[in-house]
Amino acid sequence: MKLSIFFTSLFVAVHSLQYQPGKVFKYTYQSDIRINDRGREQSEGAFSDVGFKLTTDLDLTVVWKRERNQLVKLEFQNIEVSGVSARLDEENVFQTPQDLLSSNPVYFEWEAGRVISFYAPASEVASSVNLKKGIVGLLQVQDIQGAVTESDPSGTCSVTYSKDGKKVTKVKSLDTCQREVVWASTVHPEVILSVSVPGEASSTYTLSKEDLLIFAVATETHSSHINLRQEISSTVVSSHSLTFVTIGEGGVQLAGDSAESVALSQGDNLKQSLALIPTEKECGDECHSVADVVAANHDGLDSELLAQADSSGAFLEVLQAFRSSRKQALLDTLNDEANQDIKPQLLDILASTQTDASWEAAMEVLDFSSEEQAETLERFLVVSSFNVRPTEGQVGKLMELVNEGEIGSEDVQISLALAVGSLIKTLCQDQEICEGQVVQDSLETFLEILEAEEASVKKLALYALRNAVQPSTLPAILGLISQEEDQDIIEVALDCIDVFDAKLFTKDVKRTLNNFYHQNHKRYSNVIRAGAVFLLLTKDPSRADVLNIALSLPHLETFELSKFISSKLETLSQAESSAGALIRNILDESQAINYANIIVGGFSKSYRNYLADTDESDVFYELDLQMTGGGLLRKSHFDVDLDAVNNTLKLLSVNMYSRGLESFFGEDTGDQGGVAAGVSVKLMGNQLRPLSFLQGGENLMSMAWNLGSADTAVSPLHGNVLIHDHSQKIPLQSGATLNIEVQGCVSVDLGGDLDFSIWERTFTTTVFNRGAMSIRGSTTVDLAPIKTGINYGADAMGVVNFETSVKFASLPPQFCLQMVQDPIQYRHFVNKFEQSEKCEEEFSADLSKFVYVEESSFKLFDENSPACREMFGQDDGGEEGGWW
């Protein structure tokens, strides 16, 4: 912020920053705020800046003085408000006079250039007082070099002074500012999903050779952008300046024992700091009831539109109405007969609202003891698990449900534990809350559950602890792994510990993992052995472990495990990391590469490649396929990673598995348990409840007798999830408040399907991912009676399907992978506006662009194409039937 000080020949002491009493120092003041989307600053027409300009004449008079302290009176005349860009008459809100700044005088106490108190009429509206605080802040400048702490409308901040002759420069470090009033704000814990709002502020003062302030200007800029898509952005430039005019006579002097007593004797003045007064505007005629907003968006919330932009856009519109509604209004909306067809979508929104009223309404509407509500409850819990501002009270209530055991469905109980784990991870962004009783009691409960006898109960605890990701729980999980006999539990536990930091993987932990892979004490399934290898290769691997794994490949019992690990080594060696470099170096050694290269045969594969790339981010997909010797899929991973702003987000992971099907062909893979198949999904790092296609031989024979046509499709995630949630208020040094809001929703239908036919001797798995994303944001300054700013957003939708097809009518089996992306549609839009309560005219400009990306098929790895061509051949016209 720019703090100007008047050095004048009338100073009693040259550097004491004291004005001569009895004189009136006249200045002109100008403040303007400009808002635009980034890259279009200072443009014209529809692209032009929006904002306003405030000008006034100032009379500065020292009315009381004692040694270094002065009480200064500021008077305001000729106040005018105008726009920052040219407008047509019918669009010019500034044709009508705006009561932005009152003419009431204010007082402040100066001490050697530092403002130590401020006095304004108690009856004056807060927005006008705040602007005057901005002017007084500009009059604060100290005769020093280097860093110092100052308080002004921005808060208490670190500033650095420098001098060059008669020019003084002050640079403010905005990220150091501490504020008296902490305004509610929300920042996403995931950097990639958050909004960056860099800002800078500096002030420059020009003095005459007689040390009179000739000119002072302060400039502050804030640019916001979504890290994931930086074109969704805004820029705000706030500047204000003082220009010296002349010195007049007639300055009044006041008598008193102190500056405070003198200031308080003038009218109804109230002593204040320079911190801005929060101004919360009551909802006026432009506000709509929640019932009206839901009615207007009813069609967009239809379940048939899930995974489409209409659904995600409607979600965000209703979300704003829910957040400003009271409990009873929310209950009336949910219970309205006209809304029962969209109630699941309304509950998605309720779960994301994250207000006390919404939580109370949810607890009243939902009955966790009801088995009939199981699907609704699970969906509510899944959406809630992505909330970025949970409270200890909410987690405590959910843990009461876990402890009481009065849950009507086992599936709901699992989803409840998973949701609590996810919310604990978010709460633990604040170390003080993480160490609090609610979080620690919750973790202790899950650790106790981990010691239960029943396998299903142990898995519940593991799922919850995986989502919580608290290092204090790792020893208990490792203890379970080293002692557990049930290989299903070991498999889940190995997946669980993958989320922990590599530095926690000690020599003892790696010794246990080596025991699993090398089967030092007992036999383990290929899936467990592969899982142990993955951890050894990715958690700060040692040279000895990598070399031993490479050398062991020819000696493994099955070609498929050898082929998979060999392929995984190759994939991991491509990573730009210390682990990747180590693997590359070892694979370049003759003894390792000779062993690795003799691995032939088998269909198992690990493969990583680009899915999409933009200027701001790269999206990678990775396929891991672990096959049985008979050509059936034992386990697959389809992972999508998002790299941006020097961070990686595990956007999606779909794991499909089958077990026991190979027994029909006399193959032994070391697995325990009966026939089973299912899908497990992780979204943005959160584990969702695994779903089953079939369990037991009875389900399998049903499929067989139905010639593989039984309906086995499952959808672990079907609904709307809030993924962006940013709310921030920034006090500007000019006295205005900047409001930045960004919300983003993903509407998704994600799942999988399995088709197994003994008659046709085919095995097909499908992962389908249909989704749409909508982002809505605004950057505004609301300074009664003026409101100005921009609204911006984007919509996108698309479909990606991944299919694995196997024909095992003859040996070796035929095998084909297909990944197809449907057309992607993307829309980016901006609305700029200037409004005033004083006039009917308003300025509004809309800009938008549309992008259409054609559908595409991904070629995947080289050996896949001939196999697909052999299985699916050519189309009727003789052309190839696909990319193969």
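Which residue forms a salt bridge with Glu-150? The partner is Lys-170, and their closest N and O atoms are 2.9 Å apart. Glu-150 sits in strand β6 (residues 146-152) and Lys-170 in strand β8 (residues 167-178), so the pair ties together parts that are 20 residues apart in sequence. Glu-150 counts as buried, at 2% relative accessibility. Lys-170 is buried too, with a relative accessible area of 0%. This is a predicted model.

**Salt bridges**

Side chains of opposite charge can pair when their charged atoms come close. A search of the whole structure finds 41 salt bridges. Three of them are listed here.

| Pair | Closest N and O atoms |
|---|---|
| Glu-150 and Lys-170 | 2.9 Å |
| Asp-152 and Lys-172 | 2.8 Å |
| Lys-849 and Glu-231 | 2.8 Å |

Asp-152 lies in strand β6 and Lys-172 in strand β8, so this pair also ties together parts that are 20 residues apart in sequence. Both Asp-152 and Lys-172 are buried.

Lys-849 is partly exposed, with a relative accessible area of 36%. Glu-231 is partly exposed as well, at 24%. Elsewhere, salt bridges that share partners join Lys-568, Arg-608, Glu-622, Asp-624, Asp-641 and Lys-650 into one network.

**Strand β1 and its partners**

Strand β1 (residues 23-36) is mostly covered, with 11 of its 14 residues buried. It pairs with strand β12 (residues 229-249) in the antiparallel sense, over 14 bridges. Thr-28 has Thr-243 of β12 as its bridge partner. β1 also pairs with strand β2 (residues 50-66), again antiparallel, over 12 bridges. There, Ile-35 stands opposite Val-50.

**Nonpolar cores**

The largest nonpolar core has 225 residues. Phe-446, Ile-477, Ile-497 and Ile-565 have the most contacts inside it. Helix α10 (residues 410-427) gives the largest share of this core, 10 residues. Apart from this core lies another, of 8 residues, among them Val-63, Leu-71, Tyr-107 and Ala-263.

What does Ile-497 touch, not counting residues up to four places away in sequence? The contacts are Leu-474, Ile-477, Leu-478, Ile-481, Phe-505 and Leu-535.

Helix α4 (residues 309-323) has 15 residues, which at 1.5 Å a residue should span 21 Å. Its end C-alpha atoms are 21 Å apart, in agreement. Of those 15 residues, 12 are buried, so α4 is largely enclosed by the rest of the structure. The buried ones include Phe-315, Leu-316, Phe-322 and Arg-323.

Lys-132 is placed in helix α1 (residues 126-138). Is Lys-132 buried or exposed? Lys-132 is buried, because its relative accessible area is 0% and buried means under 20%. Its contacts beyond four places in sequence include Phe-76, Asn-104, Phe-118 and Glu-124.

**Backbone exceptions**

Most residues other than glycine have a negative phi, and most peptide bonds are trans. Ala-112 has a positive phi, near 50°. Its place is the loop between β4 (106-111) and β5 (114-121). Ala-112 is buried, with a relative accessible area of 18%. Gln-354 has a positive phi near 60° and sits in the loop between α6 (343-353) and α7 (356-365). Gln-354 is buried at 13% relative accessible area.

The peptide bond from Ala-784 to Pro-785 is cis, with omega near 10°. Pro-785 is in the loop between β23 (762-783) and β24 (786-807).

Key
Residues numbered from 1 in each chain as written. Predicted model: local features only at pLDDT ≥ 70, side-chain atom pairs only at ≥ 80, totals over all residues. Heavy atoms only, no water. Helix = DSSP H or I, 4+ residues; strand = E, 2+ residues; numbered from the N terminus. Expected span 1.5 Å × (residues − 1). Buried < 20%, exposed > 50% of the residue type's maximum accessible area, 1.4 Å probe, protein only. Core = buried A, V, L, I, M, F, W, Y, C linked by side-chain atoms within 4.5 Å. Contact = heavy atoms within 4.5 Å. Pairing = 2+ DSSP bridges. Salt bridge = Lys/Arg side-chain N within 4 Å of Asp/Glu carboxyl O.
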